[in-house]
Amino acid sequence: MLDPMQLALPVTLPDDETFTSYFGGEKSLEVTHLKKALSEIQQDFQFTYLCGLADSGKSHLLYATCIHAQELGLSTILISLREVIKFGPDVLEGLDGLDVVCIDDVHLVAGNDAMEKALFNFFNRFNEAGKCLVMTADLLPSMLNIALPDLESRLAWGTTFQIRSMSDDDKAEALVKRANMRGLELSDECARFLLTRLSRDMRALLDVLDKLDHASMAAQRKLTIPFIKATLKL
């Protein structure tokens with residue numbers, strides 16, 4: 001049997017992907033709900049289903065949930081099905097002793113009989129007071145083409161949030177906010193320049209911001225468009 005603790009991805013959670021840095025805001029309905037679910041974990045089984053397309057921020061919310069759970073002293077794991085589904089149903093074994101389990105990209109089990117049954121069985125084992133389960137998918141449970149009716153029913157049990165994808169304005173604002181959290185000044189003009197010249201994938205943009213942060217510190221330079229061009233060879 002595979003050790004699920006070896007399959008938690010990422011191995012080190014991004015320390016800047018917290019509820020505070022979430023583009024929807026720390027006071028958004030989804031963040032308020034997730035914080036409440038973790039605070040009330042001993043009262044009842046807590047299940048949240050987050051759905052949205054790429055760049056909706058749903059994976060960010062999973063990372064943030066894990067980080068907040070750790071701050072509360074709860075044991076937690078984040079499993080990216082996109083990365084581990086190739087290992088088969090065993091990836092969902094051995095999780096029962098944890099307090100909080102976050103599973104990303106649940107839609108990938110659709111049509112995979114073994115994985116659908118494994119997810120259903122895990123859900124039934126984990127469904128008890130003192131446990132918190134958070135899942136993400138690209139669509140609502142009824143739209144996933146799940147072959148196992150009981151699994152589709154289980155996925156619809158929880159509190160569901162449909163999260164919209166980020167617009168370019170959202171991404172620019174998020175980049176400026178994330179830079180400010182690092183003590184780095186990134187103007188709206190520079191943020192929009194990055195959006196026009198690079199991939200609009202938010203994770204890729206944040207990786208670029210990390211590179212610019214290091215370059216700015218090393219050169220003792222502010223982030224300007226000429227400096228960004230030179231650093232990124234644009």
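Reader: Hi! Is Gln220 buried or exposed, and why?
Author: Hello! Gln220 counts as exposed because its relative accessibility is 67%, and the cut-off for exposed is over 50%. Keep in mind that this is a predicted model.

Reader: Thanks. Where does Gln220 lie?
Author: Gln220 is in the loop that links helix H8 (202–219) with helix H9 (225–232). Its phi is near 55°, which is a positive value in a residue other than glycine.

Reader: And Lys233, what is its phi?
Author: Lys233 is not a glycine either, yet its phi is positive, at about 55°. Lys233 sits in the segment after H9. With 74% relative accessibility, Lys233 counts as exposed.

Reader: Which residues does the "Hda lid" annotation cover?
Author: According to the unreviewed UniProt entry, the domain "Hda lid" covers residues 168–232. In the model that span is 77% helix and 0% strand, and its end C-alpha atoms are 20 Å apart.

Reader: Let's switch to H4. How many residues does it have, and how far does it reach?
Author: Helix H4 spans residues 113–126, so to speak a run of 14 residues. From its first C-alpha to its last it reaches 20 Å, close to the 20 Å expected at 1.5 Å a residue.

Reader: Which residues of H4 are buried?
Author: The buried ones are Met115, Glu116, Ala118, Leu119, Phe120, Phe122, Phe123 and Phe126.

Reader: What do those buried residues pack against?
Author: Their partners include three strands, E1 (46–51), E3 (100–104) and E4 (132–137). Helix H3 (81–84) and helix H5 (149–155) are packed against as well.

Reader: Good, E4 then. How many of its residues are buried?
Author: Six of the six, so E4 is largely enclosed by the rest of the structure. Both of its faces are covered. Cys132, Val134 and Thr136 are buried on one side, with Leu133, Met135 and Ala137 buried on the other.

Reader: In which sense does E4 pair with E1, and over how many bridges?
Author: E1 and E4 pair in the parallel sense, over six bridges. Across that pairing, Thr48 stands opposite Val134.

Reader: How many bridges join E3 to E4?
Author: Four, and those two strands also run parallel. There, Leu133 in E4 is the bridge partner of Val101.

Reader: Last one: what unit do E3, H4 and E4 make?
Author: Together E3, H4 and E4 form a β-α-β unit, and it is right-handed.

Technical notes
Residues numbered from 1 in each chain as written. Predicted model: local features only at pLDDT ≥ 70, side-chain atom pairs only at ≥ 80, totals over all residues. Heavy atoms only, no water. Expected span 1.5 Å × (residues − 1). Buried < 20%, exposed > 50% of the residue type's maximum accessible area, 1.4 Å probe, protein only. Contact = heavy atoms within 4.5 Å. UniProt positions renumbered as here; feature names shortened; annotations may be inferred. Pairing = 2+ DSSP bridges. Right-handed = clockwise from strand over helix to strand, strands pointing away.
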